[in-house]
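Morning, everyone. I will go through one structure today, starting with charged pairs and ending with pockets.

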Amino acid sequence: MDKPLTYRNSQSMTQTASKFPELLKTWRSRRRLSQLDLALEAGLSQRHISFLETGRSKPSRLAISQLGLALGMPVAEVDTMLVSAGYAAPSMDQRWSAETRAAVQASIDHVLTGHEPFPAFSVDRIWTVQKANLSAQSFFTFIGNTTEMNILRAILTPGPVRDRLRNWTDSARALMRIVEMEAARRPNDQEAQDLLKDLLDLPGVRAAMEAVPDGPPEPVLALKIDVDGSELSLFSMIATIGMSSDAALDDIRIETLLPADDATRSWFLARAH
């Protein structure tokens with residue numbers, strides 16, 4: 001579970017220039033902005049916005065950057081807009097990024113190693129594991145996940161991991177809400193849209209999403225995992241790389257699992273010795 005950091009563009013990089021007006025209008029509608037509102041936010045003229053949406057004008061790279069900021073678009077969506085207008089996305093150019101990416105890799109390794117003896121791993125935008133510390137690898141194997149690299153599939157698909165989750169319904173409902181929000185945030189990410197559809201089709205997932213909670217939600221939802229009749233309780237913290245303009249870096253999530261009680265802490269500490 002150790003992959004090099006590579007650019008995996010989630011969007012189609014074969015968009016044609018005719019797609020740009022459609023993308024711009026779609027994003028403006030999603031944000032419920034008039035052409036004038038968007039023009040003011042982006043520092044462009046309303047006339048220019050109108051010409052861009054009708055295809056009478058071609059946007060500059062700078063204009064697309066300004067529009068992306070004004071519309072609050074994820075980096076990968078801005079990349080899609082650039083490609084649709086006939087430009088290469090910045091993330092496709094590897095020349096500038098080798099040193100930065102090496103530093104990011106080293107930093108990820110530092111965080112994962114420093115979190116021992118508790119599980120930690122880095123995932124991409126669709127929760128596929130890219131790197132995992134030794135504790136995470138050992139724990140995944142212990143609870144029966146030896147082949148599935150996607151965390152969401154491992155938890156939601158009927159099988160050994162799902163069987164061990166005592167609060168699977170609550171966990172599934174919470175995870176699917178996150179997936180739905182991310183898919184809505186990135187409508188041009190076909191891989192994320194396909195994952196959402198696949199997860200919704202898994203047995204019991206839709207029922208879990210519709211289930212009424214037994215009581216008020218806990219302040220932090222912990223995964224309650226059955227281990228030989230005992231219960232481990234783990235909650236997660238997720239870190240991202242700040243102020244990234246590169247889609248590959250922007251997609252990285254580092255998830256650290258932390259013990260929610262003393263018994264869970266002791267269990268992991270004992271396995272470390």
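**Salt bridges, strands and pockets**

Glu 22 is partly exposed, with 44% relative accessible area. This is a predicted model, so keep that in mind for everything that follows. The partner of Glu 22 is Lys 19, and the two side chains form a salt bridge with an N to O distance of 3.9 Å. Lys 19 is partly exposed as well, at 34% relative accessibility. Both residues sit in helix α1, which runs over residues 19–30, and they are three residues apart, about one turn of the helix. On the general point, side chains of opposite charge can pair when their charged atoms come close.

How many salt bridges does the structure hold? The count is 15. I will take two further pairs and then a network.

The next pair is Asp 109 with Lys 131, where the closest N and O atoms are 3.0 Å apart.

Arg 173 is buried, with a relative accessible area of 6%, while Asp 170 is partly exposed at 34%.

Then the network. Salt bridges link Arg 125, Glu 182, Arg 185, Arg 186, Asp 189, Glu 191 and Asp 251.

On to the strands. β3 (residues 223–227) and β4 (residues 230–240) pair in the antiparallel sense, over five bridges. Within that pairing, Lys 224 has Ser 233 in β4 as its bridge partner. The hairpin of β3 and β4 has two residues between the strands, and there Asp 228 takes a positive phi near 55°. β4 also pairs with β5 (residues 253–259), again antiparallel, over seven bridges. Phe 235 has Leu 258 in β5 as its bridge partner.

Leu 234 is buried, at 1% relative accessibility. What does Leu 234 touch, leaving out residues up to four places away in sequence? The list is Phe 139, Ala 222, Leu 223, Ile 225, Leu 257, Leu 258, Pro 259, Ala 260, Thr 264 and Phe 268. The C-alpha atom of Leu 234 is also 9.7 Å from that of Pro 119, and those two residues are 115 apart along the chain.

Pro 119 and Phe 268 both come up again with Ser 135, whose contacts beyond four places in sequence are Glu 116, Pro 117, Phe 118, Pro 119 and Phe 268. Ser 135 lies in helix α7, residues 134–142. At 10% relative accessibility, Ser 135 counts as buried.

Last, the pockets. Rolling a probe the size of a water molecule over the atoms shows where empty space is left. The largest pocket has a volume of about 680 Å³. Its lining has 33 residues, and those nearest the centre are Ile 155, Leu 175, Leu 223, Ser 236 and Glu 255. Which elements give two or more residues to that lining? They are β1 (120–123), α7, α8 (151–156), α10, β3, β4 and β5. By class, the lining divides into 24 nonpolar, four polar and five charged residues.

The second largest pocket holds about 410 Å³ of space. It is lined by 16 residues, and here Asp 170 and Arg 173 return: together with Pro 213, Pro 217 and Leu 221 they are the closest to its centre. Helix α10 gives the largest share of this lining, five residues. The classes are seven nonpolar, three polar and six charged.

Definitions and conventions: Residues numbered from 1 in each chain as written. Predicted model: local features only at pLDDT ≥ 70, side-chain atom pairs only at ≥ 80, totals over all residues. Heavy atoms only, no water. Helix = DSSP H or I, 4+ residues; strand = E, 2+ residues; numbered from the N terminus. Buried < 20%, exposed > 50% of the residue type's maximum accessible area, 1.4 Å probe, protein only. Contact = heavy atoms within 4.5 Å. Salt bridge = Lys/Arg side-chain N within 4 Å of Asp/Glu carboxyl O. Pairing = 2+ DSSP bridges. 1 Å grid on protein atoms, 1.4 Å probe; cavity = no way out; pocket = protein on both sides within 12 Å on 5 of 7 lines; lining within 4 Å. Points joined across faces, edges and corners; volume = space filled by probe spheres on them. Nonpolar A, V, L, I, M, F, W, Y, C, P; charged D, E, K, R; others polar.
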